[in-house]
Amino acid sequence: MAVATARVEAQAVPRRRARARRAPMVVFLTVLLVILVLPALLAPWLAPHHPLEGQLAEKLKPPVWLTGGSWQYPLGTDPLGRDILSRLIFGARVSLSVSLVAIFIGGILGTVLGLFAGYFGGWTDSLIMRAVDIAFSLPTILLGLVLAVVIGPSFRTVIVIVAFLLWARYARQVRGEVLSVKERDFVAQARIAGCSHLRIMFGHILPNVVNTLIVLATLQVGYVILLEGTLSFLGVGIPPPTPAWGLMVATGRALIVSAWWVSFFPGLAILVTVLTLNLLGDWLRDRLDPKLRQV
Amino acid sequence: MDHPLLEVKDLRTWFFTRWGVVKAVDGVSFTLEAGETLGLVGESGCGKSMTALSILRLQPRPAGRIVGGQVLLQGEDLLQMSEREMRGIRGRQISMILQDPMQSLNPVFSVGEQIAEALRIHQGLEGRTLWEQTRDLLRRVKIPSPELRLRAYPHQMSGGMRQRVVGAISLACRPAILIADEPTTSLDVTIQAQYLRLLKGLQEEMGLALIFITHDFGIVAKMCDRVAVMYAGRIVESAEVRTLFNNPRHPYTVALLNSVPRLETKIERLSSIEGQPPSLDDLPPGCPFAPRCPHARERCRQEYPPEVAVADGHRVSCWMPAEGWDG
């Protein structure tokens, strides 16, 4: 009896330790995300200056810890005298809103198409998967450039471009999952009970696929921010003067030697955000993977 | 009304694959009366499950097609109905339970929600009535503390309990016919007995007709009134249970019954049937059992035997009784 209890306890301890090891990671990640998400939400109240109004007299002031810097502009100013910190805070809004809207649109489109392709198979599947193949083989940036030139760069353009590039990933992922889920007995039972195809697709199969969708979406936010940054950097993203991190990096490109802070801080913001999101996405994937789940 | 409840006539379900046509069900006929239990026995791959799925028109598509026959439910041919009409039949008039309780329930919904869905679809119940009926269904399948179990998830229940939940879902709308496709194969023997007792009780309570698909003769003996033996997509013998056990006429049935080991006698070797069932895409012209049959003659290999009645309610597809040969 004593031996049995000892063995059970020995098993319980490593499980507790494993959970404890994961917890600080979550805290760390959540805090970081809060530092990024909250500024985006509370920008008008957090930012010390207006992001669009610059004082030319104050242009290219260095950050506070360098000579010539002051607490008035903690991270310095850009060539038009605009406070970099404020633009960074407002830039978070742009990055996050573009990602969320684009992922929402691309995600819904991709998920629905993936559901239909996986569930019905046959011609529907072939057609949709060919479209996915085409979408995947298009060169991302080139397409973005072309579309931006054709439609004209704007907030809406960027969202369309990004959504157009994202949906294929969802469609492929969802289709794969649907192919395996639809073979499971409970789907057959649902048919036996008299459920229609639509009800089974959206009421039974989709809830089983949602886990991976969440992981995919989380991982994609980072990708989208990078993409938006690249597009803005190339001049076909968010048009100035709206503060967008990628655009800010581009603005400071020529000044990288003399006024490095103009490019550095927005670049750092992109790095930290994307890294955090990727780590969070990986953690979520490990957590939500049903094969690894311990009952 | 003198229609039998269910009449299956010459049902044929074929699979059209790039390697040929697989005749999974090839001329199956039987009848089912209200309140009766019909056993469908045979080896794996003989077409029992596919027959059941064909009755509900749930054969795997697009490869599988019902190419012939009739399925008359109280006189109406199900094979002629539209998909919408079939959806009204499935779950409502005819229901089915599948083999694996682990997979039969959706893991992301609670047990109560899944039972409620059947009630919602077919009876349009909502709110309090829905909840009460769901709870009553759980009680009827003898799940203790049904109010608590409503919110439980499938993974929180044992296999036996899950199979009861599946039973509750199938019987939610009081169908006239329940098809049970090897429902106890994945359960422990003791749980098996409990479950079978439950099914029998429910059958008597609800006047349910049961089609019991199994390869276990013990279950047949316990549960069924009549039994049909299938081989290579066809029924080779059908009779009342007692008759089949005491006087099997088809060589395949005889061999099957002989292969079941008995406790009373000492066994040196388990007897089995030599050979393999034929490949369903390459069926011989004659009797499909001929290659393995100890009594096979030339006629058996050339021509498929007709079905003859060797006694009242006892039919066999074999040349021996048809031609009067000695066994």
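## A walk around chain B

Start where the chains meet: the contact takes 24 residues from chain B and 16 residues from chain A, with two residues in contact if their C-beta atoms, placed from the backbone, lie within 7 Å. Color chain B's side of it and look for α2 (83-89), β6 (94-97), α3 (111-123) and α6 (159-171), each of which supplies at least two residues. Helices (H or I, at least four residues) and strands (E, at least two) are DSSP runs, numbered from the N terminus. Now pick α3(B): its three residues are the largest share of the side of chain B that touches chain A. By class, that side has twelve nonpolar, eight polar and four charged residues. Here Ala, Val, Leu, Ile, Met, Phe, Trp, Tyr, Cys and Pro count as nonpolar, Asp, Glu, Lys and Arg as charged, and the others, Gly among them, as polar.

A word on what you're looking at. This is a predicted model, where local features need pLDDT of at least 70, side-chain atom pairs count only at pLDDT 80 or more, and totals for chains, interfaces and linings use all residues. Residues are numbered from 1 along each chain as its sequence is written, while chains are lettered from A and ligands numbered from 1 in the order in which they are written. The model scores ipTM 0.77 and pTM 0.78. For chain B the mean pLDDT (the predictor's confidence in each residue, from 0 to 100) is 87, and 99% of its residues reach 70 or more.

Next, select the whole of chain B. You'll find twelve helices and twelve strands. Its C-alpha atoms fill a box of roughly 70 × 50 × 45 Å along the principal axes.

Now zoom in on B:Asp10, in strand β1 (residues 6-17). Its phi is near 50°, a positive value in a residue other than glycine. Most residues other than glycine have a negative phi. B:Asp10 counts as exposed because it has 12 C-beta neighbours inside 10 Å; the cut-offs are 20 or more other C-beta atoms within 10 Å for buried, 12 or fewer for exposed, and partly exposed in between, with C-beta atoms placed from the backbone.

Hop to B:Gln74, in the loop between β4 (64-73) and β5 (76-77) of chain B. Phi is positive here too, near 50°, and B:Gln74 is partly exposed, with 13 other C-beta atoms within 10 Å.

Last stop: B:Gly207, which follows α7(B) and has a positive phi, near 65°.
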